[in-house]
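Here is a quick tour for someone meeting this structure for the first time. Have the sequence and the model open as you read.

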Amino acid sequence: MIERPLTLNQSQRIILWPTRVELSAPAGTPLRDLLFDQGVEFPCGGQGRCRGCRIRVLNGKAEVNRAQQERLSPEEIASGWRLACQCVVEGDLEIELRQWDAAILVDDTVFAFRPRQGLGVAVDLGTTTLVAQLLDLATGRVLAVSTALNAQARYGADVMSRLHFAVLGGGQHQLETLIRQQIGALIEQLLFSAGKHGAEIADIVVVGNTVMHHFFCGIDAEPLAHYPFEPAEGGLQPFRSSALGWKHAGDPLVRFLPCLGGFVGSDVLAGILATKLLEHDELVGLIDLGTNGEIVIGNKDGLLCASTAAGPAFEGAKISMGMRASTGAISQVTVIPLLSEEGTKGWCSRDRVHCHVIGDGAPRGLCGSGLVDAVAAGLELGVIATSGRFSNGESSWMLAPPVALTQNDIRELQLAKAAIAAGIKLLMQRKGAKELTRLYLAGAFGNYIDRASAQGIGLIDFPPERVEAAGNTALLGAKLALFSLDSEDGSYVGVRRRVEHVALNADPNFQDVFVEELAFPQATPTSIN
Ligand code: FES
């Protein structure tokens with residue numbers, strides 16, 4: 001909490017989320033001046049007309065002027081939203097920048113459904129981000145979308161640190177209150193944006209990983225913090241909206257869909273619905289790459305699912321210059337082939353890489369997809385050996401100043417990719433599968449990762465043409481579930497019965513396969529054809 005009395009000319013502390021950048025400025029400084037230097041854009045030139053500079057005040061105070069009253073709903077203002085171009089520094093401040101949420105993946109898939117009357121809300125409750133959509137259940141049309149960073153992030157970036165805060169720090173109730181309030185406000189925003197403020201909602205479906213399920217539903221998360229990491233109660237959790245402290249007309253039923261076991265939550269169950277894994281004759285797979293990598297393999301005869309602790313590397317955490325996929329992040333690294341003096345085939349030198357920066361501004365860090373690309377490029381150029389060490393014995397490789405890849409970053413990626421690759425291998429062995437005809441990559445990271453780079457580092461050992469970015473399958477599955485809630489045996493219930501959870505941490509072969517998978521594959525040097 002920020003609590004310091006304001007004195008004139010005293011420098012105030014401003015913390016920006018999600019980058020955690022700390023700035024200082026005297027009271028009276030326009031926020032616009034401060035944020036402009038951080039790469040924040042002001043689309044209408046700071047006139048207070050476009051809402052493009054929205055921020056959310058997490059701690060501290062920012063006055064609401066008339067322009068903000070006209071552009072923001074009363075619910076948005078109550079939940080801390082402001083227009084940065086209209087605010088000045090009044091005291092210490094902690095803010096979340098809406099603009100940096102640009103990479104939150106929503107869903108606009110067209111799908112078949114059985115129409116029903118009313119409005120429905122689907123919510124994908126992620127560890128990092130939240131996405132909610134309001135649907136007209138008669139037409140299947142998405143009427144509004146709301147996204148936000150998970151407000152629990154201030155108590156830990158990943159599920160393990162949040163579990164630590166909940167279990168050892170006694171903060172579970174705090175996390176529960178925070179997330180319920182945030183999702184309630186998100187739903188209000190949806191109604192407001194669709195011009196349906198105060199309208200009745202028929203049903204609300206929420207999906208999320210097992211830890212989010214426990215935090216939202218108020219189930220003791222302690223069993224998830226230690227071996228065998230099994231949920232205390234992973235089933236479907238229904239609530240009346242009023243029981244969650246929400247005041248939605250009609251007091252709709254809110255269903256948090258059931259988990260599949262261990263750390264495999266209803267986001268994966270929804271992903272199975274969205275990708276129709278249970279309708280395939282051939283063996284197929286679904287992977288959600290995150291702090292916990294979730295893997296599903298099988299076909300119409302049944303599915304195996306597992307989770308594996310990949311660590312936070314794919315999300316840019318624990319990486320020396322790691323950051324989320326937002327403005328200033330290097331999201332792609334490509335090798336530029338170099339012609340030899342003769343103008344025929346030639347090899348690339350170590351500095352022949354091109355870095356794409358989100359927002360096209362100056363690089364500030366490296367996000368997960370950029371990290372995978374950078375290591376794949378390093379292997380291709382011979383800068384990185386298959387052991388993961390820099391071939392020349394140096395400790396870092398400058399990609400685009402000031403962003404460099406360090407030896408420790410490579411190590412973190414090796415741990416993450418080995419955990420996923422080992423999980424895939426063991427599930428395939430159990431299914432007696434030599435190959436998969438299709439592999440769906442779920443989630444934001446799966447959407448942005450370069451499939452050739454993923455193969456290049458040995459993360460996904462399948463030809464890129466068989467690997468398909470499936471988008472936000474959790475949100476799509478939650479929307480599909482909205483159309484099958486009226487039957488007693490909703491489709492998600494049927495899916496749950498046909499999926500077997502495998503506890504990889506209890507598999508005696510896991511450690512050996514994991515160690516085997518730590519090395520990178522031998523790369524083929526780039527040449528000009
Ligand atoms: S820049 Fe347009 S509202 Fe602030």
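Predicted model: local features only at pLDDT ≥ 70, side-chain atom pairs only at ≥ 80, totals over all residues.

The second largest pocket is lined by 31 residues, and those nearest its centre are N292, T308, A309, A310 and G311. A pocket here is an open set of points on a 1 Å grid over the protein atoms alone, with protein on both sides within 12 Å along at least five of seven lines, and a lining residue has an atom within 4 Å of a point. The volume of this second largest pocket is about 650 Å³, where volume is the space filled by probe spheres set on the points, with grid points joined across faces, edges and corners. Helix α9 gives the largest share of the lining, four residues. By type, the lining splits into 17 nonpolar, ten polar and four charged residues.

Residues are numbered from 1 along each chain as its sequence is written, and side-chain values use heavy atoms, with hydrogens and water left out.

The whole structure holds one cavity of 30 Å³ or more; a cavity is a set of grid points where a 1.4 Å probe fits but cannot get out. The largest cavity has a volume of about 50 Å³. Its lining includes D267, L286, D288, A442 and T473, and α7 (266-275), β12 and β13 (292-299) each supply at least two of the lining residues. Helices (H or I, at least four residues) and strands (E, at least two) are DSSP runs, numbered from the N terminus.

What about the strands? β12 (residues 284-288) runs parallel to β20, joined by five bridges; strands pair if DSSP finds at least two bridges between them. Four of the five residues of β20 (residues 438-442) are buried, so β20 is largely enclosed by the rest of the structure. Buried means under 20% relative accessible area, exposed over 50%, and partly exposed in between (1.4 Å probe, protein chains only).

The largest nonpolar core has 64 residues, and F314, V375, W397, L405, I457 and L459 touch the most other members. Helix α9 (residues 407-431) gives the most to this core, with eleven residues. Such a core is a set of buried Ala, Val, Leu, Ile, Met, Phe, Trp, Tyr and Cys residues joined through side-chain atoms within 4.5 Å.

Most residues other than glycine have a negative phi, and most peptide bonds are trans. These spots go the other way:

| Where | Backbone value |
|---|---|
| Y227 and P228 | cis peptide bond, omega about 0° |
| P401 and P402 | cis peptide bond, omega about 5° |
| F229 | positive phi, near 60° |
| K276 | positive phi, about 55° |

P228 lies in the loop between α6 (210-217) and β10 (237-240), and F229 is in the loop between α6 and β10 too. F229 counts as partly exposed because its relative accessibility is 23%.

Technical notes
Nonpolar A, V, L, I, M, F, W, Y, C, P; charged D, E, K, R; others polar.
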